[in-house]
Amino acid sequence: MSGAPLYDLIGAAYTRTRRTDPRIAERIWAALGDARTVLNVGAGTGSYEPPDRHVLAVEPSALMRSQRPAGAAPCLAGSAERLPFDDRSFDAAMAVSSVHHWPDVLGGLREMRRVARRVVVFTHDTGDAGWRHRFWLSRDYLPEVAGLVAGRPSVTELAAAIGARLEPVPIPWDCADGLFEAFWRRPEAYLEEDVRRGMSVWARLGPDVERRAVRDLRADLASGRWAARNRDLLDLDEAELGLRLLIA
């Protein structure tokens, strides 16, 4: 399950934990350069849409569109792979934490490149040296994540498809956006139902995997095993867990 069907299923609780983190936003908005007109592709509820530019959003999930706040940019129903715009219609096109849900990610990126002079994509490195093995949650409690990314284009392939450069985006320890890696120094958060519902990974892995991972994490927190295994994280202000900006 991906894209609109997934978020029509799990999206009702999305806005409780998913919001703009100002430090990540600063990186994304700086990457947009001097763009005045911006297309936000896979826009969801509107996090990270720059407030000082003319933004048009595209989002396939009706439930996500319905949760966009008053005053948010206008939003069309549509998908990345078939953007209904002429070539170079926008100064920039952006996509934030959505490309891994697109059925044809390379096609969607090329469409963004077609309709905009600049492309900015916030995504993650799914290679073995990236987030999957570096992040303790996927490494120690959710090894099934490997199956979710199997066969997906690597982040270097994504960059090559649109001639983009890659920039790492470290995650602050108190990240305000409840993305999958956000609570790397606050492991107790993953025990909370609302926190997990804001992360598509859990829905894609299924309830049996979720129950096992939560049970094991709770036990390791209680016993001190998690702290012993991850003591090197406790004094860090930010962590490099494979999040990347693609800028073309």
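Which residues are exposed on the other side of helix H12?

1. Basis of the note. This is a predicted model, in which local features need pLDDT of at least 70 and side-chain atom pairs count only at pLDDT 80 or more, while totals for chains, interfaces and linings use all residues. Residues are numbered from 1 along each chain as its sequence is written, and side-chain values use heavy atoms, with hydrogens and water left out.

2. The sheet. Helices (H or I, at least four residues) and strands (E, at least two) are DSSP runs, numbered from the N terminus, and two strands pair if DSSP finds at least two bridges between them.

3. Strands S1, S2 and S3. Strand S2 (residues 54–58) runs parallel to S3 and is joined to it by 2 bridges, with Cys75 in S3 as the bridge partner of Ala57. S1 and S2 also run parallel, joined by 5 bridges, and the bridge partner of Thr37 is His54 in S2. Buried means under 20% relative accessible area, exposed means over 50%, and partly exposed lies in between (1.4 Å probe, protein chains only). Because 4 of the 5 residues of S2 are buried, this strand is largely enclosed by the rest of the structure.

4. Asn40. This residue has its place in strand S1, and at 2% relative accessibility Asn40 counts as buried. With contact meaning heavy atoms within 4.5 Å, and not counting residues up to four places away in sequence, Asn40 touches Ser47, Glu49, Val55, Leu56, Ala57, Val58, Met94 and Ala95.

5. Helix H12. The buried residues of H12 are Val209, Glu210, Ala213, Val214, Leu217 and Asp220. They cover an arc of only 135° around the axis, which puts them on the same side of H12; the arc is that of the directions from the helix axis to the C-beta atoms. To answer the opening question, Pro207, Asp208, Arg211, Arg215, Ala222 and Ser223 are exposed on the other side of H12. The cover over the buried residues of H12 includes helix H7 (136–141), helix H10 (193–197), helix H11 (200–205) and helix H13 (225–229). After H12 comes Gly224, whose phi is positive, near 90°.

6. Aromatic pairs. Rings of Phe, Tyr and Trp (its six-membered ring) pair if their centres lie within 6.5 Å, and planes under 30 degrees apart count as stacked, over 60 as edge-to-face and the rest as tilted. By this rule the count comes to 8 aromatic pairs. Phe135 and Phe180 form an edge-to-face pair, 5.5 Å centre to centre with 90° between the planes. This pair links distant parts of the chain, 45 residues apart, with Phe135 in the loop between helix H6 (131–134) and H7, and Phe180 in the loop between strand S7 (171–172) and H10. Phe135 counts as buried at 0% relative accessibility, and Phe180 is buried with a relative accessible area of 7%. Trp136 and Tyr190 form another edge-to-face pair, 5.6 Å centre to centre with 90° between the planes, and both residues are buried. Ring pairs link Phe135, Trp136, Tyr141, Phe180, Phe183, Tyr190 and Trp226 into a cluster.

7. Asp237. This residue is found in the loop between H13 and strand S8 (238–239), and Asp237 is exposed, with a relative accessible area of 57%. Leaving aside its neighbours within four places in sequence, Asp237 is in contact with Ile171, Pro172, Trp173, Trp184 and Arg185. Asp237 and Pro170 are 67 residues apart in sequence, and their C-alpha atoms are 9.6 Å apart in space.
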